Amino acid sequence: MEPFLSAFGISGKEVAFNPDSVARFLKESVVAEGVFEVNEDNCFHTAIFVGTTFATFFRWDAFLREYLRGGMRKVNPGEFPKILISYLSSYLAIELGIKGVNCTFSSGISSGWDAFSSGLYFLKRNKKNQLLVLELGERVDNYSKTIKTRMAFCILKNSLSSGREKHFSVLGSESFFERAGENQGLIKAIRAVLAVSGLGIRQIDYFFSSRAPDTSGYKLEQEALAYFLKGFKPSLSASESGYYSSGLFSLSRALKSNCFFGRCAKKELFIMVTNLGYNSNSSCSILRR
């Protein structure tokens with residue numbers, strides 16, 4: 001059974017990062033809207049995977065001062081999930097009532113894709129499983145000396161759906177390490193998802209790049225695709241430029257693109273979304289509408 005994307009969203013504003021604000025965003029945009037339900041029956045079949053580049057070392061300063069002033073008994077153990085980046089998914093799982101798998105990925109600009117790709121393996125373990133993938137995009141505001149973030153999430157499920165809830169099936173997603181200035185990792189990722197999906201690259205209806213057309217990374221993505229297309233250059237639609245142009249942010253823009261909704265709903269459409277890493281993981285996903 002193929003997992004499918006049942007919902008997708010992005011926070012519309014930048015907020016100062018802290019785990020409580022992230023949990024509040026998820027509750028308001030995911031739980032409150034009824035697109036993601038966690039209850040006693042499915043809490044063990046629900047997982048949360050978080051992709052983030054956040055560095056929370058500044059929190060250690062306040063933590064250390066508290067320890068030196070009052071000793072270990074004065075340190076609140078509940079602060080650990082807010083301090084250590086690896087515990088972020090655990091903190092959010094507690095807030096949302098999730099008792100299944102939780103994991104935080106911090107692998108540079110590919111963190112969101114890595115969380116998305118790895119989450120698919122969790123879904124394969126049991127047909128009842130559902131997954132919440134969250135990506136946090138970090139930006140340092142030099143004026144206010146604070147860290148700002150935008151958040152994107154997607155929900156993946158195994159169970160069959162009907163009506164408006166079902167958007168896109170996920171046929172495959174893979175990531176491989178990419179050295180800056182090369183495209184070998186991306187070529188491996190494309191080859192892997194084509195093998196898993198059983199498709200030929202000429203069967204893909206739309207190609208989406210995470211990079212703006214005026215960047216060198218975009219050209220490398222074209223070269224990687226041309227490697228499979230024997231010299232034919234595909235029409236590659238690029239995400240808007242800016243900091244939040246990769247990962248789940250890019251995937252969201254691809255899925256919300258108007259070009260999908262002007263086509264006959266009865267015809268299957270195959271979409272390839274690529275993400276080129278720089279000394280990070282390059283990724284490729286194939287989706288079907």
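This is a predicted model: local features need pLDDT of at least 70, side-chain atom pairs count only at pLDDT 80 or more; totals for chains, interfaces and linings use all residues.
Helix 4 is followed by G97, whose phi is positive, near 80°.

Attention may now pass to the aromatic rings. The structure contains three aromatic pairs. One of them joins F25 and F153 in an edge-to-face arrangement, with 6.1 Å from centre to centre and 65° between the planes. This pair connects distant parts of the chain, since F25 belongs to helix 1 (residues 19–31) and F153 to strand 6 (residues 146–157), 128 residues apart. F25 and F153 are both buried.

A further pair is formed by W113 and F116, whose ring centres are 5.9 Å apart; their planes stand at 90°, so the pair is edge-to-face, because planes over 60 degrees apart are assigned to that class. W113 and F116 both lie in helix 5 (residues 111–125), and being three residues apart they are separated by about one helical turn. An α-helix has 3.6 residues a turn, so residues three or four places apart point the same way. W113 has 0% relative accessibility and therefore counts as buried; F116, at 0% relative accessibility, likewise counts as buried, the limit being under 20%.

Apart from its neighbours within four places in sequence, L251 is in contact with F8, W113, F116, V273 and L287.

V273 directs the reader to strand 10. Strand 10 (residues 270–275) is mostly covered, with six of its six residues buried. Both of its faces are covered: F270, M272 and T274 lie on one side, and I271, V273 and N275 on the other.

Strand 10 has pairing partners in strands 8 and 11. With strand 8 (residues 206–209) the pairing is parallel and extends over four bridges; here S209 has T274 of strand 10 as its bridge partner. With strand 11 (residues 280–288) the pairing is antiparallel and extends over six bridges, and F270 stands opposite R288 of strand 11. Strands 10 and 11 form a hairpin with four residues between them, and N279 in the turn has a positive phi of about 55°.

Definitions and conventions: Residues are numbered from 1 along each chain as its sequence is written. Side-chain values use heavy atoms; hydrogens and water are left out. Rings of Phe, Tyr and Trp (its six-membered ring) pair if their centres lie within 6.5 Å; planes under 30 degrees apart count as stacked, over 60 as edge-to-face and the rest as tilted. Helices (H or I, at least four residues) and strands (E, at least two) are DSSP runs, numbered from the N terminus. Buried means under 20% relative accessible area, exposed over 50%, partly exposed in between (1.4 Å probe, protein chains only). Contact means heavy atoms within 4.5 Å. Two strands pair if DSSP finds at least two bridges between them.
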